[in-house]
Amino acid sequence: MADGTAAIANHLDAERPVLIAGPTASGKSALALEIAQTAGGRVINADALQVYDDWRILTARPTYKDETRAPHALYGHVPGDRPYSVGDWLRDLAPLLDGPRPIIVGGTGLYFTALTEGLADIPPTSAETRQTADARIRTEGAEALLAELDPPTAARIDRQNPMRIQRAWEVLTATGRGLAAWQDETGPPLLPLEDTQAIVLSADRDWLADRIVRRFDLMMQAGLLDEARRNQPGWHPALPSAKAIGAAELMAHLAGENDAETLRERITVLSRQYAKRQRSWFRARMRDWQWHACH
C-alpha cells in the first residue's frame, strides 16, 4: 500500500491532527508513519491491546526500528495484568494533544468515538465486581451477562463483543444504572471531529484476508513463539492483555494442544472475524470520516 499511503499523506494539512482508523492488517501504522515522516507529528496509539507491554509482535505494535523513525506514544506502556479503560486512554492522551501534531492511529472504534464525541463520567467498578464477571464469563458465557442488562443498554451494545458485554454488566452491577443511561450524559469531546482530519481505511474482505495470513507468517518469522514463551510463566486467561487475538491459541500450542498448522488457521480465522466486527463499527459510527480504499 506504499503508493496509497504517500497519496493520502500528501493531501493532508500539515498542522491539523490526524485520526486513522481501519481494520486489523489494513496498513494503518504504515500510513501513520508515512505522515509523521513526511509532514511531522507524533504517532499515538488508539488500539486497546497495543497499550500492553507483553505482546508486541502478536498485537502488531510498531517495531523498534519504526519507533526510531518518528516519535511514538501510548504503545506498550501498560503492564499486561492491569485493566485499562477508554477513560484511562483519554487521560493519558490529553497532555499529548498539546505537543507535536498528533497522528492518532488504531483499530479500537470506541477510543475514537470517545475522543471525538465525548465519554460518560462513569464511576470505576471494583476489582471484586470484575472478578465476578470474569468468573461468570468463563463458566456461563457472555450470553448470561447480556441477559441481565437493562433493555436500553442491551439494545445499544455490540452483542458480538464479550468485552463490551462484560463492561456493561459491571457498570450496571456497580452503579445500579445502565451503561446507556451514563452514556446519555456524555460530556464535551476532548478533540471534536471537525477539528481533525479523520481517515478510515476501507479494505476489501478478500484482500484483507490475504494480508492477515501473510502478516501471521511474518509474525512467526519475527519470533512470535519466543514472545509467547516469555509470557507463558505468568499466563492466565483472565489477564487484561490475554484478550489479544491469538494469545490463548499460542498458549495452547506451547502446551501441545494444537499443531503449527492448526495454530495458523485458528489465529487467522479469529483475525478475520475481528476485522469484520471492526468494519461493522466503522460503517455504523464513522460515516462522516474520509474513507480511503486499501489496495
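A salt bridge is a side-chain nitrogen of Lys or Arg within 4 Å of a carboxyl oxygen of Asp or Glu. Side chains of opposite charge can pair when their charged atoms come close. The structure shown above is a predicted model, in which local features need pLDDT of at least 70 and side-chain atom pairs count only at pLDDT 80 or more, while totals for chains, interfaces and linings use all residues. Residues are numbered from 1 along each chain as its sequence is written, and side-chain values use heavy atoms, with hydrogens and water left out.

By the rule for salt bridges, the count is 12. One of them joins the side chains of Glu148 and Arg136, with 2.8 Å from N to O. Glu148 lies in the loop between helix H7 (142-146) and helix H8 (151-156), and Arg136 lies in helix H6 (residues 127-140), so the pair ties together parts that are 12 residues apart in sequence. Helices (H or I, at least four residues) and strands (E, at least two) are DSSP runs, numbered from the N terminus. Glu148 counts as partly exposed at 40% relative accessibility, whereas Arg136 counts as buried at 16%; buried means under 20% relative accessible area, exposed over 50%, and partly exposed in between (1.4 Å probe, protein chains only).

A further salt bridge is formed by the side chains of Arg156 and Asp184, at 3.2 Å from N to O. This pair links distant parts of the chain, with Arg156 in helix H8 and Asp184 in the loop between helix H10 (179-183) and strand S5 (197-202), 28 residues apart. Arg156 is partly exposed, with a relative accessible area of 44%, and Asp184 is exposed at 57%.

The aromatic side chains may be considered next. A pair of aromatic rings is described by the distance of the centres and the angle of the planes. Rings of Phe, Tyr and Trp (its six-membered ring) pair if their centres lie within 6.5 Å; planes under 30 degrees apart count as stacked, over 60 as edge-to-face and the rest as tilted. There are two aromatic pairs by this rule. In one, the ring centres of Trp89 and Tyr111 are 4.5 Å apart and the planes are at 20 degrees, so the pair is stacked. Trp89 belongs to helix H4 (residues 86-93) and Tyr111 to helix H5 (residues 109-117), so parts that are 22 residues apart in sequence are tied together. Trp89 is buried at 0% relative accessibility, and Tyr111 is buried at 3%. Phe112 and Trp289 form an edge-to-face pair, with 5.3 Å between the centres and 85 degrees between the planes. Phe112 lies in helix H5 and Trp289 in the loop between helix H14 (260-285) and strand S6 (290-293), so this pair ties together parts that are 177 residues apart in sequence.

The strands complete the account. Strand S2 (residues 42-45) is covered on both faces: Arg42 and Ile44 on one side, and Val43 and Asn45 on the other, are all buried. Two strands pair if DSSP finds at least two bridges between them. S2 pairs with strand S4 (residues 102-106) in the parallel sense over four bridges, and Ile104 in S4 is the bridge partner of Ile44. S2 also pairs in the parallel sense with strand S3 (residues 72-73), over two bridges, and His72 in S3 is the bridge partner of Val43.
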